[in-house]
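Biologist: I would like to learn how to read a model of this kind, one feature at a time. Could we take the general idea and then the case in hand?

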Amino acid sequence: MTLSTSKTAKSTKLTNWIIRDRQFIWGNRTYLMGILNVTPDSFSDGGQFNSRDAALRQVAQMLPYIDILDIGGESTRPNAQPVSAEEESDRILPIIEAVRAEYPQLPISIDTVKASVAKSAIAAGADMFNDVSAGRFDPEMLPLAGKLQVPIFLMHMQGEPRTMQENPKYRDVVKDVKQFLADAILVAKACGIPKDLIAIDLGIGFGKTTEHNLELLRNLPTFQEIGAPLLMGVSRKSFIGKLCDRPDPKDRLFGTIAACTACIAGGADILRVHDPKEIFDACQISDAIYR
C-alpha cells in the first residue's frame, strides 16, 4: 500500500491510504467493511459461509458496496470460546486464497488476535490486521504488523470475549476508552507501526452495557482528537436488539441503519457491516448531509 497526506473534512489531518487499487481519503466519504465470518458460532451468521463456494457467493453479493472485506475465523461474540491457531488458520486460509484469486484488487483484512494466523493470512493475500484485542492477547501481533508495515485496526475491549459482558464498569466510559486507544497507539508505534497505518475501533458491544454503547455513540467527535481513522462496528449488535426488542440479530437491519447514520454524523470513517447493500444507501444520504 502507499500513503498520501491531504486535508480532510475533519479538523485533524489524516494520512490517506491506498490499498491495491482503492483510495481511502479520510473525511471524504464513509467506507464500508463487509463482514465474512467463516465460523460455526458467530452471533448472527455462524455456519453460513464456511465453505469456499458459499463464501464466494457472499463476497459477490457484497462486492458492489464494500471497500474492505473482513474475514474472521474465530467468533468474538459474548461467551465465545477460543479456538486454536491451527483450527482458525484452517478455516480462513482457503477462503482468503479463493477470494484473492477471484478478486485480486479487493482489500482484505484478517480479523484475528493471533500473530501466527495474521502472518499466514498476509501470505495468503490479506492486506491488513483487524485485532479486537489491540495487540494485548498475543505479544507478537504488534511487532509483526511493524515488521510487515501493514495497516492495523486497534479495538477497545474490556476483558475478553468469554467474560466481557459480566457486569462491565467504567469510571467514565468515553474518557476510559479514549485513553485506552491513545495508549494502544503508543504501544503500536513502539513496535514499529507508523501512526499513519493505525486505525481505531471503540469496540461497541465489547465489554459495554447498552448505556455505555450509547454514551460512546453520543461522543464520537471526541475520538477524532486521537488523530486516526475511526472504524465503527454497530451492525446487528445486542444493544440494537434490546432497544428495538429484536432478539434475532437478523431482524436488526433497520436499527443498524439508524445506528450507522448516527456514526456517520459523529465522524466515523469506516463502518463494519453485515448488510452492505442496505447500509450503502444510508451512507449515500448521510454523507451528502454530513460530509
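Biologist: Where does Arg236 lie?

Modeller: This is a predicted model, and within it Arg236 lies in the loop between strand S10 (230-232) and helix H8 (238-244).

Biologist: What phi does Arg236 have, and how should I read it?

Modeller: The general idea is that most residues other than glycine have a negative phi. Arg236 is not a glycine, and yet its phi is positive, at about 60 degrees. Arg236 is also buried, with a relative accessible area of 11%.

Biologist: Which loop holds Ala134, and what phi does Ala134 have?

Modeller: Ala134 is found in the loop between strand S7 (128-131) and H4, and although Ala134 is not a glycine, its phi is positive, at about 55 degrees. Ala134 too can be described by its accessibility, being buried with a relative accessible area of 6%. A further positive phi, of about 55 degrees, is taken by Gln149, which comes just after H4.

Biologist: Let us turn to pairs of helices. At what angle do helix H1 and helix H2 pack, and how do I put that angle into words?

Modeller: Helix H1 (residues 52-62) and helix H2 (residues 85-102) pack at an angle of about 45 degrees, while their axes are 10 Å apart. That angle makes H1 oblique to H2. The crossing in which H1 passes H2 is right-handed.

Biologist: How are H2 and H3 placed, roughly parallel or roughly antiparallel?

Modeller: H2 and H3 pack at an angle of about 20 degrees, with 9 Å between their axes. Angles under 35 degrees count as roughly parallel, and H2 and H3 are therefore roughly parallel to each other. Their crossing is right-handed. On the H2 side the contact includes Ile92, Leu93 and Ile96, and on the H3 side it includes Val117, Ala121 and Ala124. The residues of this contact of H2 with H3 divide into seven nonpolar, three polar and three charged.

Biologist: At what angle does H3 pack with H4, then, and how far apart are their axes?

Modeller: Helix H3 (residues 115-124) and helix H4 (residues 141-148) pack at about 25 degrees, and their axes are 9 Å apart. H3 and H4 are therefore roughly parallel to each other, and H3 passes H4 in a right-handed crossing. In this contact, Ala115, Ala118, Lys119 and Ile122 in H3 meet Met141, Leu144 and Leu148 in H4. By class, the contact of H3 with H4 has six nonpolar residues, no polar residue and one charged residue.

Biologist: Which residues of H4 are buried, and what do they pack against?

Modeller: In H4 the residues Met141, Leu142, Leu144, Ala145 and Gly146 are buried. The buried residues of H4 pack against H3, S7, strand S8 (152-155) and H5.

Biologist: How many residues does the largest nonpolar core have?

Modeller: The largest nonpolar core has 72 residues, and those with the most contacts inside it are Met232 and Leu271. Helix H5 (residues 173-190) gives the largest share of this core, eight residues. If residues up to four places away in sequence are not counted, Met232 touches several residues, among them Leu202, Ile204, Cys263 and Leu271.

Conventions. Residues numbered from 1 in each chain as written. Predicted model: local features only at pLDDT ≥ 70, side-chain atom pairs only at ≥ 80, totals over all residues. Heavy atoms only, no water. Axes fitted to C-alpha atoms, helices over the stretch in contact; angles between N-to-C directions. Helix = DSSP H or I, 4+ residues; strand = E, 2+ residues; numbered from the N terminus. Parallel < 35°, antiparallel > 145°, perpendicular 65-115°, else oblique. Left-handed = near helix turned anticlockwise from the far one by under 90°. Contact = heavy atoms within 4.5 Å. Nonpolar A, V, L, I, M, F, W, Y, C, P; charged D, E, K, R; others polar. Core = buried A, V, L, I, M, F, W, Y, C linked by side-chain atoms within 4.5 Å. Buried < 20%, exposed > 50% of the residue type's maximum accessible area, 1.4 Å probe, protein only.
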